[in-house]
Amino acid sequence: MTAPAPARARWRPERRAHERGLLSSFDWRRPRIFVGWRAMHVALFAGLVAFGAIPIVWMVRAAISTTTDLVQRPLSLIPEPARWENIPTAWDLLDIGHYLMNTVVLVGGSWVVQLTVSATAGFALAVIRPWYGRFVYGAFLVTLFVPATVTLIALYLTVLDLPLLGIGLTDTPWAVWLPAGANAFTILLVKQFFEEIPRDLFEAAQLDGAGWWTIFWRIVLPMSRPILAVVSLLSIMTAWKEFLWPLIVLTDPATQPLAVALPRLAQATDPAYLIAGMLIASIPPILIFLIFQRSIVRGIGFTGLKG
């Protein structure tokens with residue numbers, strides 16, 4: 001009796017067919033092709049790193065430079081002399097701590113609102129599937145083609161005098177938090193992810209007596225951490241760099257975030273200190289991405305998000 005083939009021999013052909021790319025294994029064994037493609041990979045990787053890193057490196061250089069050196073040698077990447085004390089001086093001079101706390105409050109509230117609305121709306125459209133869901137889905141799709149500037153006036157008038165309640169939300173965090181939930185892109189992104197979850201899980205839970213809230217809280221959310229990480233990143237990054245809307249609805253300088261306060265302070269601030277403040281404002285989102293990059297990449301892979 002012939003012995004069964006080893007496990008590796010059995011799945012190796014499938015693995016090769018699955019992993020095969022533009023070049024076959026025979027092509028990779030040819031020295032000229034191997035060296036050429038590897039050189040192209042290295043050149044592309046180095047170009048992407050340089051393209052993304054040079055602006056950050058220059059910002060660090062400008063933050064620790066004197067204004068004279070910044071004006072005389074703007075393209076140099078090495079300051080002469082280096083003044084690291086610019087960063088703590090900018091923190092105190094521009095009151096970065098206060099505006100940074102405002103930013104954290106606004107970004108945190110926007111993140112909670114947008115994540116809550118996206119998860120619940122995506123669950124309703126993908127799992128519950130009410131009879132009017134197709135019309136709501138179509139309305140969400142239509143809003144993706146409407147520029148944000150077109151609805152800016154209507155949104156401001158709504159925040160200025162909230163319908164049915166007759167109260168104004170200007171100069172309050174709610175004026176920034178509530179509009180963040182109306183993001184059709186993240187809702188459709190979550191809906192697409194929820195639709196990939198097998199419906200057999202929902203039917204089995206319903207047979208055991210679970211309601212929609214139990215299914216949402218105990219089944220859907222634990223399985224949706226990758227897409228929730230993607231939505232969280234999009235929400236945080238958008239809210240952190242938002243300038244126009246907080247400038248309109250937060251007229252009190254004491255309530256403004258860093259993205260609004262720094263341009264306002266630029267008129268009466270040394271450029272080196274201003275760039276040092278911009279460097280401080282850039283550190284938190286970079287750290288967030290570096291910490292959660294694995295979950296973000298997994299979520300993008302599950303949803304098929306491209307571009």
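Predicted model: local features only at pLDDT ≥ 70, side-chain atom pairs only at ≥ 80, totals over all residues.
Local features need pLDDT of at least 70, side-chain atom pairs count only at pLDDT 80 or more, and totals for chains, interfaces and linings use all residues. Residues are numbered from 1 along each chain as its sequence is written, and side-chain values use heavy atoms, with hydrogens and water left out.

Q: Which residue forms a salt bridge with E195?
A: A salt bridge is defined as a side-chain nitrogen of Lys or Arg within 4 Å of a carboxyl oxygen of Asp or Glu. The closest N and O atoms of the pair are 2.4 Å apart, and both residues lie in helix α10, four residues apart, about one turn of the helix (helices are DSSP runs of H or I with at least four residues, numbered from the N terminus). The partner of E195 is therefore K191.

Q: Is K191 buried or partly exposed?
A: Buried means under 20% relative accessible area, exposed over 50%, and partly exposed in between, with a 1.4 Å probe and protein chains only. E195 has 36% relative accessibility and so counts as partly exposed. K191 has 10%, so this residue counts as buried.

Q: How many salt bridges does the rule count?
A: One of them joins the side chains of D69 and R61, at 3.0 Å from N to O, and both of these residues are buried. Another joins R83 and E85 at 3.4 Å. By the rule, the count comes to four.

Technical notes:
Helix = DSSP H or I, 4+ residues; strand = E, 2+ residues; numbered from the N terminus.
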